[in-house]
2 protein chains.
Amino acid sequence: MSVRKTPSSGSAADRSAAKRRIYEQFARIGKALGSATRLELLDLLSQGERSVEALAREASLEMASASQHLRALAAARLVETRREGQRIVYRIADPSVVALFHAVRAAAKAQLAELDSVAQAYLQREDDFEPIDQSELARRLRDGTVVLIDVRPPEEFAQGHIRGAINVPPGDVSAWAAKAPRKKEIVAYCRGPYCVYSMDAARTLRAKGLRVRALPDGVNEWGAAGRPVARTATHGGRS
Amino acid sequence: MSVRKTPSSGSAADRSAAKRRIYEQFARIGKALGSATRLELLDLLSQGERSVEALAREASLEMASASQHLRALAAARLVETRREGQRIVYRIADPSVVALFHAVRAAAKAQLAELDSVAQAYLQREDDFEPIDQSELARRLRDGTVVLIDVRPPEEFAQGHIRGAINVPPGDVSAWAAKAPRKKEIVAYCRGPYCVYSMDAARTLRAKGLRVRALPDGVNEWGAAGRPVARTATHGGRS
DNA sequence: CTGACATTCAATTGAGTTATTGAGTAATGG
DNA sequence: CCATTACTCAATAACTCAATTGAATGTCAG
């Protein structure tokens, strides 16, 4: 065993041990991403912080199960927690985590098309509504020729939305149709490309004779492209 | 159970099943990333395609073990294969996979600093050599005031390198020092921020009295920033 | 067709992961 | 202080994954 004494460069064994540790750190992150449940929780959290109870409800999980998965995400440092009275609020630890989730989604995109027709059918947005892209929407928002609706729960809207959007929560779409402007085109968006709130809203509105298109992105994709995001001042849960 | 008959929108059960399938597709990718060994293989492959035998050797794995992990990566569609005579050559399936690997690395970066001092010690580049950044290097390459050396095996150099770099494989650094220009500053780079070939080379060259700095990026990071990458025409393995 | 080589497959064993259940803990309101 | 709510922890059983071994497959050189 030739052990070099040079302080700055360790032995070959030290090296490969260190290299292994580095890859093991990376693998911690990978492991945390290796569960559909945890990815769903991450996706929800990417739309805004939430309590364990809210996450369990939205992902249809047992409280204990949600808690365990969230602990796992926290152990991988993908999320952080904060106590707020009786609740523990989880949030994404760093913008790089949202970017990571998007990278996974991008890598999965091709295979979804290829080998899961059920999922594809569920997502057929293009077939029903001509999608609008970010740059066209940005231009038309400036021109004032569209009305942009954010079809998500108010809590998510408050934590960040496309500047200029108005919040029409999923349950309120029908009611909102009555007072919707009939002259302008309506653009609906929700959480992102795999979220169907905006499509549902578009179907509902079109059935009432309105002109609607859908933006396939969410507020994170919009923000990641450097476009303006607004957030409503929160008054902390229900304090 | 109210089952809607509308063809375009399925029942609530269909929905949540479809949503689950989507997250399960994402999780396939996550699972593939959940092993230090597979991440090391991906990292090697991001530097260029290789046979199973070459990968097993470079990652110090049994042939069968390397093959199984590579099959797992292939099942997640992160890598593809091609037969070349008796060998099977694996390669990254899509640029989005390299981006995914980089996203994992970025998310892991903070924790490495925080909770693995062994790995940190191994990587202490800044302490020894003033790092150069991409834009400074690009400028000085244009000016011709630096000599850029690519400290990787020739096969990797051939498959893609920073335009203007000359290849000095890890074992040849000492020999190359003799004919290295003494007037210009030397910049060394290798696979990327977690690769130590360039640091080793820099130490060796500095011990011989040369002026050396290190670029912490590899060819993928350089290329991802839209900077020019060159590749040498391959003549296909050993055909 | 045979032997050599690179790779994959199959079967085994041990280790790690998941969902579930029930108990334990921290903050709040009375 | 007690009850309640929100959450976490511990223990279990079912399941999945990893490393290893040896056999099987595909290709090439003769």
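**Exercise 1. Find how many salt bridges link chain A and chain B, and look at one of them.**

Step 1. Start with the count: four salt bridges (a side-chain nitrogen of Lys or Arg within 4 Å of a carboxyl oxygen of Asp or Glu) run between chain A and chain B.

Step 2. Zoom in on one example: A:Lys19 pairs with B:Glu40, and their closest N and O atoms are 3.4 Å apart.

Step 3. Now see which elements of chain A face chain B. Helices H1 (12-32), H2 (36-46), H5 (95-115), H6 (117-123) and H10 (197-207) of chain A each bring at least two residues to that side. Helices (H or I, at least four residues) and strands (E, at least two) are DSSP runs, numbered from the N terminus. H1(A) gives the most, with 15 residues.

A note before going on: this is a predicted model, where local features need pLDDT of at least 70 and side-chain atom pairs count only at pLDDT 80 or more, while totals for chains, interfaces and linings use all residues. Residues are numbered from 1 along each chain as its sequence is written, chains are lettered from A and ligands numbered from 1 in the order in which they are written, and side-chain values use heavy atoms, with hydrogens and water left out.

**Exercise 2. Work out how much area chain A and chain B bury between them.**

Step 1. Buried area is the accessible area (1.4 Å probe) that two parts lose on being put together, summed over both. Here that comes to about 4800 Å², with 61% of it on carbon and sulfur atoms.

**Exercise 3. Explore which parts of the protein surround DNA strand D.**

Step 1. A residue is near the strand if one of its heavy atoms lies within 4 Å of it. Of the 22 residues around DNA strand D, those that come nearest are A:Glu53, A:Ser67, A:Gln86, B:Gln68 and B:His69.

Step 2. Find the biggest supplier: H4(A) gives the most to this surface, with five residues.

Step 3. Check the phosphates. The side chain of A:Ser67 has an N or O atom 2.6 Å from a phosphate oxygen of DNA strand D; for A:Arg87 the distance is 3.2 Å.

Conventions: A polar contact is a pair of N or O atoms within 3.5 Å; within protein, one must be able to donate a hydrogen and the other to accept it, and residues adjacent in sequence count only if both atoms are side-chain atoms.
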